[in-house]
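Subject: A structure to look through

Dear colleague,

Here is the structure I promised to pass on to you, together with its sequence. Please open it first and keep it beside you while you read the notes that follow.

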Amino acid sequence: MHKYQLDLVNPKTSEEQTITVVLSELERARAKRSKCWMSAVQDLARPAMPVGFMPIGNRVRAA
């Protein structure tokens, strides 16, 4: 299991938030094989994102 922190923003209120997601080995391998692994991690994290928030650029880091 691999943990990643993502920075999010609510574009209506400019509120920023950080969430932590846990990826399995398979999800991490798929993300690393993609053209942009940070975007792939953000796509995998979408179900965990609060309503109204969106990821900020490529602000993904290992937790």
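Asp7 counts as buried, because its relative accessibility is 7% and buried means under 20% relative accessible area, with exposed being over 50% and partly exposed lying in between (1.4 Å probe, protein chains only). Please keep in mind that this is a predicted model, in which local features need pLDDT of at least 70 and side-chain atom pairs count only at pLDDT 80 or more, while totals for chains, interfaces and linings use all residues. Residues are numbered from 1 along each chain as its sequence is written, and side-chain values use heavy atoms, with hydrogens and water left out.

Asp7 has its place in strand β1, where helices (H or I, at least four residues) and strands (E, at least two) are DSSP runs numbered from the N terminus. The side chain of Asp7 makes a polar contact of 3.0 Å with the side chain of Thr18, and a polar contact of 3.0 Å also joins the side chains of Asp7 and Arg59. A polar contact here is a pair of N or O atoms within 3.5 Å; within protein, one must be able to donate a hydrogen and the other to accept it, and residues adjacent in sequence count only if both atoms are side-chain atoms. If residues up to four places away in sequence are not counted, Asp7 touches Gln17, Thr18, Met54, Pro55, Ile56, Arg59 and Arg61, where contact means heavy atoms within 4.5 Å.

Thr18 is also the bridge partner of Asp7 in β2, which brings us to the strands. Two strands pair if DSSP finds at least two bridges between them. β1 and β2 run antiparallel and are joined by nine bridges, with Gln5 standing opposite Thr20 in β2. These two strands, β1 and β2, form a hairpin with four residues between them, and Ser14 in the turn has a positive phi of about 65°. β1 is also joined by five bridges to strand β3 (residues 54-62), again in an antiparallel arrangement, and here Val9 stands opposite Met54 in β3.

Which residues have the most contacts inside the largest nonpolar core? They are Tyr4, Leu6, Ile19, Val21, Val41 and Met49, in a core of 13 residues. A nonpolar core is a set of buried Ala, Val, Leu, Ile, Met, Phe, Trp, Tyr and Cys residues joined through side-chain atoms within 4.5 Å. The elements that give two or more residues to this core are β1, β2 (15-23) and α2. Leaving aside neighbours within four places in sequence, Met49 is in contact with Leu6, Leu8, Ile19, Gln42 and Pro55.

The buried residues of helix α2 are Ala40, Val41, Gln42 and Ala45, and they pack against β1, β2, α1 and β3. Gln42 has a relative accessible area of 6%, so this residue is buried, and its side chain reaches the backbone oxygen of Gly57 at 2.7 Å.

There is one aromatic pair by the rule used here, which says that rings of Phe, Tyr and Trp (its six-membered ring) pair if their centres lie within 6.5 Å, and that planes under 30 degrees apart count as stacked, over 60 as edge-to-face and the rest as tilted. The rings of Tyr4 and Trp37 have centres 5.8 Å apart and planes at 55°, so this pair is tilted. The pair links distant parts of the chain, since Tyr4 is in strand β1 (residues 2-10) and Trp37 is in helix α2 (residues 37-45), 33 residues apart. Tyr4 is buried, with a relative accessible area of 6%, whereas Trp37 is partly exposed at 26% relative accessibility. The charged end of Lys32 sits over the ring of Trp37, 4.1 Å from its centre; a charge sits over a ring if NZ of Lys or CZ of Arg is within 6 Å of the ring centre and within 35 degrees of the ring normal.

Finally, Ser34 is found in the loop between α1 (25-33) and α2 and is partly exposed, with a relative accessible area of 29%. A polar atom of the Ser34 side chain lies 3.3 Å from the backbone oxygen of Cys36.

With best wishes
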